[in-house]
Amino acid sequence: MSTTTTDLLDGWHRTHKGGELRSSDVGKEVILFGWAQSARDHGGIVFIDLRDRWGVTQIVCDPAHSKGAHGKAEKVHSEYVLAAKGKVRARPANMANAKIPTGEIEVLIDELKVLNVSKPLPFQVEDELEVGEAVRLKYRYLDLRRPSVQRPFLIRHQIAQAARRYLDGQNFVDLETPMLTKSTPEGARDYLVPSRMHPGEFYALPQSPQLFKQILMVAGFERYYQIVKCFRDEDLRADRQPEFTQIDIEMSFVVAADVMREVEGLLRAIVGNVRGENYKVEFPRMSYADAMAKYGCDKPDLRFGLELVELSDIFKGSSFKVFREVVDGKGIIKALPVKGGAKFSRKEIDDFTGFAQSLGAKGLAWIKANPDGWQSPILKFFSEQEKAELQKRTKLETGDIVFFAADKPGAVNQVLAALRLHVGETLGLIDKEKLCFLWVTDFPMFDYDEKEKRLVAMHHPFTSPRAEDLGKLESAPLEIKAQAYDIVLNGYEVGGGSVRIHDMALQSGVFKILGIGEEEARLKFGFLLEALELGAPPHGGVALGLDRLAMILSGATSLREVITFPKTQRGQCLMSGAPSVVDHRQLLELSLRVDKQA
């Protein structure tokens, strides 16, 4: 009969964590558990770096002290799982390791137990080792043993714990909403789940708990929160995953300022738990219009300057045909002035141009202000008045450079917003340790979709318009501002919310503008609409991206680094092999058939 782990550990209880022992513990009898980071035989004495979640402790197996422990230690290889019992002693002064907290001590082992062995590893469990992402994700359980890989998850834990403590203290109730729900159009594609009991019908995994949390306000809970999984079948990138986690909040009898104030308190609690209680956090506000004008996007990174400047009016009658035709065609001309940018070489400028073209720009004009005068291929096309106005508007001084983009507003803003970040990185202007929050407010209620040739909701169709704009609902919907607000951190949208529509007549009017008829609205949102007619209070809320907060606060560069078992950009789990083919009998039970040709 084989010996079980329970038998092996009978009477053994961990006394200290891996990174805990210090010189003040010399002489103590201790029991440690963990993995063998490395094993080294020095003149017949085996030294093992024993690692657990909390750190590394050097243990020593000396045959003169314990032949049994030494005999087992001689067979230990990397990532063997060990239990060790012994006495703490001071390391010789010339053998101390200042790189680890336990570097002044070691443990002389009386008894060693091998709890499990390990085959040769596909890669070493070391922080400094560079491993391809495909291999890391296939052997994710090995990757997660590395302290540097574990660190973002410990910060993620701190975020979740701080959120729960804060919201519990503010009288919010933690309530769950369904994972199997109705498919509703909320922007992205749904993940669908076939129903065995209702052949041909499907559940959808929730893109968010939006409708249910509004229903909970109608139910009278008044303050709800949930740390909840959400699912969206959309194209992936570094800051997107098909399944993600929100800190979801909804409140009754509030205006936008109430929700924003509560979110500020929550974020201060989160940052305080991660960075320390004395870390100061400010929450400036900026309108959507100002954000687009100054930064070209609605989630600007405020850790550095470099604001955009519009020049369309200066060149509306210009002899420079390219600029004049853009203005005549209702496009815009914008500039990105860069202090000290005249030092960029021609190759660097060409690289910036290539970067802009990769985003769809036709080109990237520029003017350098050198000590001996301005330099630019387009300078000859400008009049003296245009040069004077340009210098005044961009504050162009000797040593600076100005980049220009001219096209439709959307294209110009997209290119210059990305170029601003690229230049900021190139010049080292971004303080990686800084946290810059920003509220973006006064969003348009509607946007016009050029592809579908119709109005769409800028946020979602349950967002309430500002009271002063209600009269424009039918006459000028594109002029209406929504009671919506996004919270931005270091150039990422980490949360968004709004005051919701709680009046049935207004909700019907918004649906009408969006081209959703009464029958379609009842079919897709009937349970919410019925609730709105049965005493719905004014309410509003927000959803914060837990994954993005963890990514930023831990210094990670991808959401995959803060999700334990992430998907690749093709939506695959390399470790488990999902998605995968299922047994034909399962499909029959679900009344499904796979079109192999498709």
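A: Happy to, and please keep in mind that this is a predicted model. Let's start with Q241, which sits in the loop between β9 (223–231) and β10 (243–252). Q241 counts as buried because its relative accessibility is 3%, and the cut-off for buried is under 20%.

What does Q241 touch, once its neighbours within four places in sequence are left aside? Its contacts are L236, L559, R560, I563, P566 and K567. Take P566 from that list: 325 residues separate Q241 and P566 in sequence, yet their C-alpha atoms are 7.4 Å apart in space. With K567 there is a polar detail to look for, as the side chain of Q241 reaches the backbone nitrogen of K567 at 2.8 Å.

Now to F565, whose place is in the loop between α15 (546–554) and α16 (584–589). F565 has 41% relative accessibility and therefore counts as partly exposed. Together with Y141 and M575, F565 makes a nonpolar surface patch of about 290 Å². The loop between α15 and α16 also holds P579, and the peptide bond that joins A578 and P579 is cis, with omega at about -5 degrees.

E79 is found in the loop between α2 (67–73) and β4 (81–90), and its phi is near 70 degrees, a positive value in a residue other than glycine. E79 is buried because its relative accessible area is 2%. E222, in the loop between α6 (210–218) and β9, is not a glycine either, and has a positive phi of about 70 degrees. At 38% relative accessibility, though, E222 counts as partly exposed.

Next comes a histidine, H16, in the loop between α1 (5–9) and β1 (29–42). H16 has a relative accessible area of 14%, so this residue is buried. Its side chain makes a polar contact of 2.9 Å with the side chain of T15. Not counting residues up to four places away in sequence, H16 touches L21, D25, K28, V30, I31 and L32.

Another edge-to-face pair is W439 with Y485, whose centres are 6.0 Å apart and whose planes are at 85 degrees. Here the partners come from strands: W439 lies in β17 (residues 437–441) and Y485 in β20 (residues 484–489), so the pair ties together parts that are 46 residues apart in sequence. W439 counts as buried, with 0% relative accessibility, and Y485 counts as buried at 1%.

Coming back to F320 and F382, both belong to a cluster in which ring pairs link F315, F320, F323, F381, F382 and F404.

Technical notes
Residues numbered from 1 in each chain as written. Predicted model: local features only at pLDDT ≥ 70, side-chain atom pairs only at ≥ 80, totals over all residues. Heavy atoms only, no water. Helix = DSSP H or I, 4+ residues; strand = E, 2+ residues; numbered from the N terminus. Buried < 20%, exposed > 50% of the residue type's maximum accessible area, 1.4 Å probe, protein only. Contact = heavy atoms within 4.5 Å. Polar contact = N/O pair within 3.5 Å; in protein donor to acceptor, adjacent residues only side chain to side chain. Patch = residues over 30% accessible without salt bridge, like charges linked within 9 Å, V, L, I, M, F, W, Y side chains within 5 Å. Areas by Shrake-Rupley, 256 points an atom, 1.4 Å probe, with all protein chains shown as cover. Salt bridge = Lys/Arg side-chain N within 4 Å of Asp/Glu carboxyl O. Phe/Tyr/Trp six-rings, centres within 6.5 Å; stacked < 30°, edge-to-face > 60°.
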